[in-house]
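Please consult it alongside the sequence and the coordinates shown here.

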Amino acid sequence: CGTLVVPAYPSMRIVHELTKLFHITLPYIPHFLAFRESPALLELLALLKASQPHLYPQVVLTDGNGELHPRGCGVACHVGVTADIVTI
């Protein structure tokens with residue numbers, strides 16, 4: 001299950017929520033979570049851009065590592081580079 005939540009700033013009032021069930025086919029392999037989870041996150045971003053382009057975020061907060069990943073490029077970096085968006 002993947003969820004994308006768009007809050008308004010600075011009020012942090014939720015202006016849009018998008019949830020979708022995903023079938024993940026890749027097995028869990030330590031240190032390679034980005035390859036398992038990023039396709040779902042990227043699809044949610046694409047759905048938001050297609051349906052509500054005026055709500056497309058300027059920055060994405062992810063539940064995953066970025067440059068602090070043991071291999072130097074975690075799910076935050078992977079999503080940021082692939083979607084061309086700032087990620088934290």
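In this predicted model, the buried residues of helix α2 pack against α1 and β4 (86-87). Those buried residues are V75, A76, C77, V79, G80 and A83. The points below begin with the overall fold and confidence, then turn to the hairpin, the core and selected residues.

**Overall fold**

- The protein contains 2 helices and 4 strands, and their order along the sequence is β-β-α-β-α-β.
- The C-alpha trace spans about 35 × 25 × 20 Å along its principal axes.
- Of the 88 residues in the protein, 28% are buried.
- Among contacts with a separation of 6 or more, 44% are between residues 24 or more positions apart.

**Confidence of the prediction**

- The mean pLDDT of the protein is 89, and 95% of the residues reach 70 or more.
- Among the elements, strand β2 (residues 14-20) has the highest mean pLDDT, at 95, whereas α2 has the lowest, at 90.
- Where pLDDT is low, the predicted coordinates should not be read in detail.

**The β1-β2 hairpin**

- Strands β1 and β2 run antiparallel and are joined by 6 bridges.
- The two strands form a hairpin with 6 residues between them, and M12 in the turn has a positive phi of about 65 degrees.
- Within this pairing, V6 has H16 of β2 as its bridge partner, and P7 stands opposite I14 in β2.
- The covered face of β1 consists of G2, L4 and V6, while the uncovered face carries T3, V5 and P7.

**The nonpolar core**

- The largest nonpolar core has 13 residues, of which L4, L45 and L48 touch the most other members.
- β1 (2-7), α1 (33-51) and α2 (75-83) each contribute at least two residues to this core.
- Helix α1 supplies the largest share of the core, with 4 residues.
- In soluble globular proteins, nonpolar side chains tend to be buried together.
- Apart from neighbours within four places in sequence, L48 is in contact with L4, V6, H16, L18, P53, L55, Y56 and P57.

**H16 in strand β2**

- H16 belongs to strand β2.
- Its relative accessible area is 18%, and because the limit for a buried residue is under 20%, H16 is classed as buried.
- Not counting residues up to four places away in sequence, H16 touches L4, V5, V6, L48, Q52 and L55.
- L4 and L48, which H16 touches, are also among the core residues that touch the most other members.

- S38 lies in helix α1, and its relative accessibility of 2% places it among buried residues.
- The side chain of S38 makes a polar contact of 3.3 Å with the side chain of H78.
- Leaving aside neighbours within four places in sequence, S38 is in contact with L33, V75, H78 and V79.
- Just after α2, D84 takes a positive phi of about 55 degrees.

**K20 at strand β2**

- K20 is found in strand β2 and counts as partly exposed, at 31% relative accessibility.
- The side chains of K20 and E43 are joined by a polar contact of 2.2 Å.
- The C-alpha atoms of K20 and C1 are separated by 5.7 Å, although the two residues are 19 residues apart along the chain.
- Beyond its neighbours within four places in sequence, K20 is in contact with C1, G2, E43, L44 and L47.

Notes: Residues are numbered from 1 along each chain as its sequence is written. This is a predicted model: local features need pLDDT of at least 70, side-chain atom pairs count only at pLDDT 80 or more; totals for chains, interfaces and linings use all residues. Side-chain values use heavy atoms; hydrogens and water are left out. A nonpolar core is a set of buried Ala, Val, Leu, Ile, Met, Phe, Trp, Tyr and Cys residues joined through side-chain atoms within 4.5 Å. Buried means under 20% relative accessible area, exposed over 50%, partly exposed in between (1.4 Å probe, protein chains only). Contact means heavy atoms within 4.5 Å. A polar contact is a pair of N or O atoms within 3.5 Å; within protein, one must be able to donate a hydrogen and the other to accept it, and residues adjacent in sequence count only if both atoms are side-chain atoms. pLDDT is the predictor's confidence in each residue, from 0 to 100. Two strands pair if DSSP finds at least two bridges between them.
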